[in-house]
Amino acid sequence: MRADRRRCRGAGALLSVAFLLSGCASMPSGGPVTAVEPSQRAEQESRVRVYGLSPQKGGDPQDIVRGFLEATTSDEPGFSTAREYLTEDAAKAWDPFAGTTVLERGPVTEGGVPDGGRKSGSTVVVTGERAARLDTRHAYRPDSGRLTDAFHLTEVEGEGWRIDRLPDGLVLGSSDFERIYRSVDIYYFARLGPGAPSVNRGEDVLVAQPVYVRSRIEPVADTVRALLEGPTDWLDPVVRTAFPDDTLLARRNSVTVQDSGAVTVRLNRAGATAGGARCERMAAQVLHSVQSQASSKVTSVALRGPDGEICELEGDEARFYAPGRLDGTLSPYMVDAEHRVATMDRTSNRPRVVPGLLGSGRVEFRSVGVSRDERMGAAVSRDGRALYVSASLKSPGKEESGEPVLASRAVREEDRLSAPSWDGLGDLWIADRDPRDPRLLRLPGGQGEAEAVSVPGLARNERIESLRISSDGVRIALRIRNPDGTSSLQLGRVEREGTRGDSSVTVAALQRVAPQLEDVVAMSWSGPSELVVVGRESRGVQQLQYVGTDGSTAHQPPLPGINDVESVAASESENMPLFAESQYGIVRLTPPDGDWETVSEDGSAPVYPG
């Protein structure tokens, strides 16, 4: 499942070969208002390189603007054909890399009548409904509202109408955006802070940041450039890069890839100041960032400066920095028909009750969370009032007290404790939904006293309904109940301060992840920068879909529909089945092309460790 999605997102493959196709679709002329039709080029032509057409003689102002917009959808590195539609000064000043506006459909042109009846100037207005925006760091964010951009034209002797004033950046319809750009994960090291738990090589935990690069224009070099530009403002407070300040790629032959999978990256003198262990960490960032879009394995990364090689990292050595190092094991768990915690056998489909308190039957449960190493489990009682933690999940240990570690005082069951979730650092997270005192809570080590976590982005009339923390411990997905009773999916960053004995944790900078869904029912992490979400669009039916942590759904394959899903469980590791709780009980979807099959008619609350 994940592997197939990654191949789709990584169509700008590391070692792929592009064919050339000259020419673009011709643009219609005439008419007061005209849509620039989105490209209809098929996905199977994704490796065909497309070039624009030069301006045609006798074109009116709308023809010129429409031709320019179509030329910007070409695969030319510097947009040389698009610049032919501009005056000489405008061609030098225009910055196509200042950002990209993505429209729901193709842009529409209006106007084009000469200014004031004179033939010295004309204005064409480009409009459309915004869907998303790419910023200068290639980061995607959903957007909405009306685009209105003015293009001013003047007549140039011997050439005809040319654009002399225009906005920087690009304007693309969604279909052209999906054809031209591909999502790539670039990686930075987690900034866990002094208040974080002590984990094995915790300073080497890699966090994914999705960016979009042009898939047929130096995709590998563009990926490295995006990495060197640093993390987005949203992610920056909780990650760090090993690259020195002002590190850039060399101007020539900056990135080369050999048939063997060996990658060489040439840096400027600022980047060459790092050596030893720091350089190895730099190479690890490059290797895993480049590998995320590659169709063949990257075997090594060599970093070179103006005076020669700085360091080289082999693929086997890079595994110590592999993304998902804290993801945990791959065993699925559930609550069985007798409300005990059980693990699901991946071959027989028979649930096997876990040892210790959670499988003893002494307490009936409705939800469960399992630590990433499967040594500990946490479960919420059937009435939602109490949280129990067991350290005997794998094998029977000493007699457990059976006393809850946390209790909610809410009157109604639906207002009590959410399902628990564990990060890869060993901490346990849960929400108390009591309307009188809604709180996000963290239990250090899974057994420490519950600490309230500040969430300053929550309004007073909002509360956390459910949550899933990422394995790296610096991102948390929150299902937020809105004042109108619907739920939205938001992503927060986990900021830690202080010391392990006296720490302060805040979930900051909430941003909505699936704005197209009016009501979100359930979600689960399903990759380094991806979630699987259950919800419905306005007046639509319930659906399951993959959503990037940046809010993008481009290049994501559809999931087979299933009715009345209440919860969903995906693994952050590749090729593992997707589980859901529905009207049929617990069902499973096996990659890559499977269909839903019933695993347990009476079970509930399926989860993977985490």
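User: Which residues touch the most other members in the largest nonpolar core?
Analyst: This is a predicted model. In the largest nonpolar core, Val224, Val255, Val265, Val286, Val301, Leu303 and Val533 touch the most other members. That core has 60 residues.

User: Which helix gives the largest share of this core?
Analyst: Helix α7, residues 276-291. It supplies seven residues.

User: Take Val224. What is it in contact with, leaving aside neighbours within four places in sequence?
Analyst: Leu249, Val255, Val265, Val286 and Val290.

User: What do nonpolar side chains tend to do in general?
Analyst: In soluble globular proteins, they tend to be buried together.

User: Zoom out. How many helices and strands are in the protein chain?
Analyst: Eight helices and 40 strands.

User: And what percentage of the chain's residues is buried?
Analyst: Buried residues make up 56% of the 610 residues.

User: What about the accessible surface of the chain?
Analyst: It comes to about 26000 Å². Carbon and sulfur atoms account for 45% of that.

User: Of contacts between residues at least 6 apart in sequence, how many join residues at least 24 apart?
Analyst: 60% of them do.

User: What caps its N-terminal end?
Analyst: Asp60 caps α2 there. A side-chain oxygen of Asp60 lies 3.1 Å from the backbone nitrogen of Gln62.

User: How many aromatic pairs does the structure hold?
Analyst: The structure holds 11. One of these is Tyr140 with Phe177, a tilted pair. Their centres are 6.0 Å apart, with 35° between the planes.

User: What parts does that pair tie together?
Analyst: Tyr140 lies in strand β7, residues 140-142, and Phe177 lies in helix α5, residues 174-180. So the pair ties together parts that are 37 residues apart in sequence.

User: Are Tyr140 and Phe177 buried or exposed?
Analyst: Both Tyr140 and Phe177 are buried.

User: What lies over the face of Phe189?
Analyst: Arg281 does, at 3.9 Å from the ring centre.

User: Now Arg493. Where is it found?
Analyst: In strand β31, residues 487-498.

User: Why does Arg493 count as buried?
Analyst: Arg493 has a relative accessible area of 13%. Buried means under 20%, so Arg493 counts as buried.

User: What lies 2.7 Å from a polar atom of its side chain?
Analyst: The backbone oxygen of Trp234. Arg493 also touches Asp233, Pro237 and Val238, among others, not counting residues up to four places away in sequence.

User: Last one, Met344. Where is it, and is it buried or exposed?
Analyst: Met344 is in strand β19, residues 341-344. Met344 counts as buried, at 5% relative accessibility.

User: How far is Met344 from Tyr333?
Analyst: They are 11 residues apart in sequence. In space, they are 5.7 Å apart, C-alpha to C-alpha.

User: What else is Met344 in contact with, beyond neighbours within four places in sequence?
Analyst: Its contacts include Pro332, Met334, Arg350, Phe579, Ile586 and Pro606.

Note on methods:
Residues numbered from 1 in each chain as written. Predicted model: local features only at pLDDT ≥ 70, side-chain atom pairs only at ≥ 80, totals over all residues. Heavy atoms only, no water. Helix = DSSP H or I, 4+ residues; strand = E, 2+ residues; numbered from the N terminus. Buried < 20%, exposed > 50% of the residue type's maximum accessible area, 1.4 Å probe, protein only. Contact = heavy atoms within 4.5 Å. Polar contact = N/O pair within 3.5 Å; in protein donor to acceptor, adjacent residues only side chain to side chain. Phe/Tyr/Trp six-rings, centres within 6.5 Å; stacked < 30°, edge-to-face > 60°. Lys NZ or Arg CZ within 6 Å of the ring centre and 35° of its normal. Areas by Shrake-Rupley, 256 points an atom, 1.4 Å probe, with all protein chains shown as cover. Core = buried A, V, L, I, M, F, W, Y, C linked by side-chain atoms within 4.5 Å.
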